[in-house]
Amino acid sequence: MLPGLHRRGSHRPRPAGGRTVRHHRDVPAEPPPAGEPSTETCPGCGAVLAPAPGAALPGASPSCARLFEVTLRGLREETLDPAVAAVVRLADDAYAAQHSANGGRRPEHWRTTIADVAADLDVIDLRVLVESWARSVREDVAAAATRR
Ligand SMILES: [Zn+2]
């Protein structure tokens, strides 16, 4: 015989509200840092480019240095070919002339920069572009040297 009655509730109390716990999964994207310029002008050749991460070379903006590196990368891998090696040297000289950290007489405006070379790369062979760039740099330098 069972003494007394166990009055048990037929149902268990539920956690109040019955809400499910939400996990916030979507992290808001970080806004771009305020005041960041959307372009930067290379102090050497004057090319206006979107800012790029990386180290600036002496006399060159990071974006310009990077563009030069990227544009020439393909040729640099082929320098066992003497003709290609000559083009790479030409490009290095042209770039160095436009970005020399030491003063000297410099053109106020370069007619051709690595930005022009990169822009035409889809339609014109890089070697041709480098040759015309190097020629234009020589002419700009010569013109600056005769100016007083
Ligand atoms: Zn530059």
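**Helix packing and the core**

H2 and H4 pack at an angle of about 35°, with their axes 9 Å apart, where axes are lines fitted to C-alpha atoms, for helices over the stretch in contact, and angles run from 0 to 180 degrees between N-to-C directions. The crossing of this pair, H2 and H4, is left-handed, a term used if the near helix is turned anticlockwise from the far one by less than a right angle, with clockwise giving right-handed. From H2, the residues Val 87, Leu 90, Ala 91, Asp 93, Ala 94, Ala 97 and Gln 98 meet Arg 127, Val 130, Glu 131, Trp 133, Ala 134, Val 137 and Val 141 of H4, contact being taken as C-beta atoms, placed from the backbone, that lie within 7 Å. The residues of this contact of H2 with H4 divide into 10 nonpolar, 1 polar and 3 charged; Ala, Val, Leu, Ile, Met, Phe, Trp, Tyr, Cys and Pro count as nonpolar, Asp, Glu, Lys and Arg as charged, and the others, Gly among them, as polar.

The model is predicted, and local features need pLDDT of at least 70, side-chain atom pairs count only at pLDDT 80 or more, while totals for chains, interfaces and linings use all residues. Residues are numbered from 1 along each chain as its sequence is written.

H2 also packs against H1, at an angle of about 160° and with the axes 10 Å apart. H1 is therefore roughly antiparallel to H2, given that angles over 145 degrees count as such, under 35 as roughly parallel, 65 to 115 as roughly perpendicular and the rest as oblique. Here Phe 68, Leu 72, Leu 75 and Arg 76 in H1 meet Val 84, Val 87, Val 88, Ala 91 and Tyr 95 in H2, and by class this contact of H1 with H2 has 8 nonpolar, no polar and 1 charged residues.

The largest nonpolar core has 22 residues, of which Cys 64, Phe 68, Ile 114, Val 130 and Trp 133 touch the most other members; such a core is a set of buried Ala, Val, Leu, Ile, Met, Phe, Trp, Tyr and Cys residues joined through C-beta atoms within 7 Å. Two or more residues of this core come from each of H1 (62-76), H2 (82-98), H3 (114-120) and H4 (126-146).

The elements run β-β-α-α-α-α from the N terminus.

Note on methods. A residue is buried if 20 or more other C-beta atoms lie within 10 Å of its own, exposed if 12 or fewer, and partly exposed in between; C-beta atoms are placed from the backbone. Helices (H or I, at least four residues) and strands (E, at least two) are DSSP runs, numbered from the N terminus. Two residues are in contact if their C-beta atoms, placed from the backbone, lie within 7 Å.
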